[in-house]
Amino acid sequence: MDLKKLVREVLENKDCCTATKPTKAPILNENLAPREILSEGLKYHIDNKKPLTEHVFRAGSTAYFHLWAEARALYTRGILDFSGDDLAILTETQLGEFGIYEGKKVPLDFIMEEIEEELDEAKKKPKKKNPPIGKPMRGGSKKFYVYVKAPGGKIKKVSFGQAGMSAKINNPEARRAFAARHDCKNKKDRTKASYWSCRLPRYAKLLGLKSNFSGFW
C-alpha cells in the first residue's frame, strides 16, 4: 500500500479506495475515560460529528500534528474509535509523529511537496549582492553616498556633501580653508560623513567632478 498516496488523497479530500468503511466522526468510549481528557480539537470533531480528515487546523501547524498524535495515542488505548480514512491514516501512517533527519526534527508521513517547491524557488532566486565598499557615488539623501563596513562587519551607508553647492576642489585657497574649518587632518572614522567630505578631491574622477587635483584637501 502506498501510504504517501493514501495520506495525500485523504488530505486533499479525494476519494480513497483504501478505506473500506465510510469515515465517521471519532467515538469516545466513556467507560474507559472521561471527556475532560480530550483536547479542544478532538472535542470539536466529536461534537460536530466531523472526521479528523475535515480538520480545522492548517496542515503542517503544531496544532495539526498534535491532533493526529493525540488521536493515535487514544486509539491505541481503546479510548477513541475511528473509521474509514481516519482509521487508515492512524494505523498505516505515522502522521503526527516526528523523527530526526540529518540532525533536524521532521514530521513523518507528511506531504511536504509544497514546502519543498518553495525552498526550490528560493534557491533559484539570485542572492542579493553586497554593495561596493569604499566607492563614493552620486545621489542619495545628500549629494554623494558611500557604503562602508562598520565595526562588527555591518555594512553602513554614509551620505555626505550638501546638494546644490559646488565643491571648489580646484581652488587651493578654498581647499585649505575647508580643511582647516573641518579639521580634516583628524578625520579618521570612515563611518562618518566628515571623513568622506574631507577626502572628496581624492574621489573626484570617480564622482565625475572636473578636477586637476586628486589629493586630499
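Residues are numbered from 1 along each chain as its sequence is written, and side-chain values use heavy atoms, with hydrogens and water left out. Because the model is predicted, local features need pLDDT of at least 70 and side-chain atom pairs count only at pLDDT 80 or more, whereas totals for chains, interfaces and linings use all residues.

We may begin with the helices. Helices (H or I, at least four residues) and strands (E, at least two) are DSSP runs, numbered from the N terminus. Helix α2 (residues 40–47) packs with helix α3 (residues 62–76) at an angle of about 75°, their axes being 9 Å apart. That angle makes α2 roughly perpendicular to α3, a label given to angles of 65 to 115 degrees, with under 35 counted as roughly parallel, over 145 as roughly antiparallel and the rest as oblique. Here the axes are lines fitted to C-alpha atoms, for helices over the stretch in contact, and angles run from 0 to 180 degrees between N-to-C directions. On the α2 side, Gly-41, Leu-42 and His-45 meet Leu-67, Glu-70, Ala-71 and Leu-74 of α3, where contact means heavy atoms within 4.5 Å. By class, this contact has four nonpolar, two polar and one charged residues; Ala, Val, Leu, Ile, Met, Phe, Trp, Tyr, Cys and Pro count as nonpolar, Asp, Glu, Lys and Arg as charged, and the others, Gly among them, as polar.

Leaving aside residues up to four places away in sequence, His-45 touches Ala-25, Pro-26, Lys-50, Pro-51, Leu-52, Glu-54, His-55 and Leu-67.

A search of the whole structure finds one disulfide, defined as a pair of cysteine sulfur atoms within 2.5 Å. Cys-184 is joined to Cys-198 with an S to S distance of 2.1 Å. The pair links distant parts of the chain, 14 residues apart: Cys-184 sits in the loop between α6 (172–181) and α7 (193–198), and Cys-198 in helix α7. The link is left-handed, with -80° about the S-S bond, and both cysteines are buried.

Finally, three strands form an open antiparallel sheet in the order β5-β6-β7; strands pair if DSSP finds at least two bridges between them. β5 (137–138) and β7 (155–160) stand at the edges with a single partner strand each, so one side of each has no neighbour in the sheet. Strand β6 (residues 144–149) pairs with β7 over six bridges, and Val-146 stands opposite Val-158 in β7.

Notes: Buried means under 20% relative accessible area, exposed over 50%, partly exposed in between (1.4 Å probe, protein chains only).
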